[in-house]
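Here's a quick briefing to read with the model open beside you.

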Amino acid sequence: MAQAVEEWYKQMPVITRSYLTAAVVTSIGCSLDIISPYHLYLNPRLVVKQYQYWRLVTNFLYFRKIDLDFLFHMFFLARYCKLLEENSFRGRAYDFLYMLLFGATVLTGIVLLGGMIPYLSESFGKIIFLSNSLTFMMVYVWSRQNPFIHMNFLGLFTFTAAYLPWVLLGFSVLVGASAWVDLLGMIAGHAYYFLEDVYPRMTGRRPLKTPSFIKALFADDTVVVAQPVNVRFAPPPAEELHQH
């Protein structure tokens, strides 16, 4: 069992493995009181006035206490982060990292702006960790890029992947969770999908071009494509044909 988990972990692409590891280590550290969540949450006042810039990153790493809900979110993080990195962004880890940075920036900006708007400030003021929203953004982007895949929800009903974000949003509302967390992820995900997939097809311009300094981080990456076993690139010898 341990060997199987180790093998599964090693086979993860680099960004998925790094994010999952950081999230699990952070949550375990908080559960053991090694780290305090009060040093991690998003607090604009502390970021601006006390230069605690790490909060802009750490609020995306903490998924609350370790319980069934934590395992649920780790499953979604590992699954959809891996699916995106291995398929839509295969050989383009730098673009995937840029997508996460874009999503984190949009989510942070929405929360900061929302906190300044009357009647909304109270709701946005309660959102101090954006890790779940970033995970939901990945689910949304995957669902838009794979809209026709058939899925099953808890064995109750089937639907296509295009409706996955809405199904999960409805489930969150049913269990009494905040809908804002999922909605923020959908907004950030749609912003990325539109600017990366829809807008370039409409205009021929790509506004979310990955900066060269991010590409430089992955300059040594190579894409390994495995060849099928016993592939022949020439007809078999005549004696082999007579044997069959």
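Where is the place of Asp-33? Asp-33 sits in the loop between H2 and helix H3 (44–49). Keep in mind that this is a predicted model. In this model, the protein has 12 helices and 2 strands, and 39% of its 244 residues count as buried.

- Asp-33 has a positive phi of about 65°, although it is not a glycine.
- Most residues other than glycine have a negative phi.
- Asp-33 counts as exposed, because its relative accessibility is 67% and the cut-off for exposed is over 50%.
- Tyr-51 is another non-glycine residue with a positive phi, here about 55°.
- You'll find Tyr-51 in the loop between H3 and helix H4 (55–58).
- With a relative accessibility of 56%, Tyr-51 counts as exposed too.

**Overall layout**

- Going along the sequence, the pattern reads α-α-α-α-α-α-α-α-β-β-α-α-α-α.
- Take the contacts between residues at least 6 apart in sequence: 62% of them join residues at least 24 apart.

**The nonpolar cores**

- The largest nonpolar core holds 55 residues, and Leu-77, Phe-96, Met-99 and Met-138 touch the most other members.
- At least two residues of this core come from each of these elements: helix H2 (14–31), helix H5 (68–88), helix H6 (93–114), helix H8 (131–145), strand E1 (150–153), H9 and H10.
- H6 is the top contributor to this core, with 11 residues.
- Setting aside neighbours within four places in sequence, Met-99 is in contact with Leu-84, Phe-89, Met-137, Met-138, Val-141 and Tyr-192.
- Another core, of 6 residues, lies apart from the largest one; Cys-30, Tyr-41, Leu-46 and Phe-129 are among its members.

**H9 against H10**

- Helix H9 (residues 164–174) packs on helix H10 (residues 179–203) at an angle of about 165°, and their axes are 9 Å apart.
- Angles over 145 degrees count as roughly antiparallel, so that is the label for H9 and H10.
- The crossing of H9 past H10 is left-handed.
- On the H9 side, the contact uses Pro-165, Trp-166, Leu-168, Leu-169, Ser-172 and Val-173, while H10 brings Ala-179, Asp-182, Leu-183 and Met-186.
- Sorted by class, this contact of H9 with H10 has 8 nonpolar, 1 polar and 1 charged residues.
- Leu-183, in helix H10, is partly exposed, with a relative accessible area of 31%.
- Between Leu-183 and Trp-166 there are 17 residues of separation in sequence and 9.5 Å in space, C-alpha to C-alpha.

**H6 against H10**

- H6 and H10 have axes that come within 9 Å and cross at roughly 130°.
- H6 and H10 are therefore oblique to each other.
- This crossing of H6 and H10 is right-handed.
- H6 makes the contact through Asp-95, Met-99, Phe-102, Gly-103, Val-106, Leu-107, Ile-110 and Val-111.
- H10 answers with Leu-184, Gly-185, Ile-187, Ala-188, Ala-191, Tyr-192 and Leu-195.
- By class, the contact of H6 with H10 comes to 12 nonpolar, 2 polar and 1 charged residues.
- Met-99 turns up in this contact and is also listed with the residues that touch the most other members of the largest core.

Notes
Residues numbered from 1 in each chain as written. Predicted model: local features only at pLDDT ≥ 70, side-chain atom pairs only at ≥ 80, totals over all residues. Heavy atoms only, no water. Axes fitted to C-alpha atoms, helices over the stretch in contact; angles between N-to-C directions. Helix = DSSP H or I, 4+ residues; strand = E, 2+ residues; numbered from the N terminus. Parallel < 35°, antiparallel > 145°, perpendicular 65-115°, else oblique. Left-handed = near helix turned anticlockwise from the far one by under 90°. Contact = heavy atoms within 4.5 Å. Nonpolar A, V, L, I, M, F, W, Y, C, P; charged D, E, K, R; others polar. Core = buried A, V, L, I, M, F, W, Y, C linked by side-chain atoms within 4.5 Å. Buried < 20%, exposed > 50% of the residue type's maximum accessible area, 1.4 Å probe, protein only.
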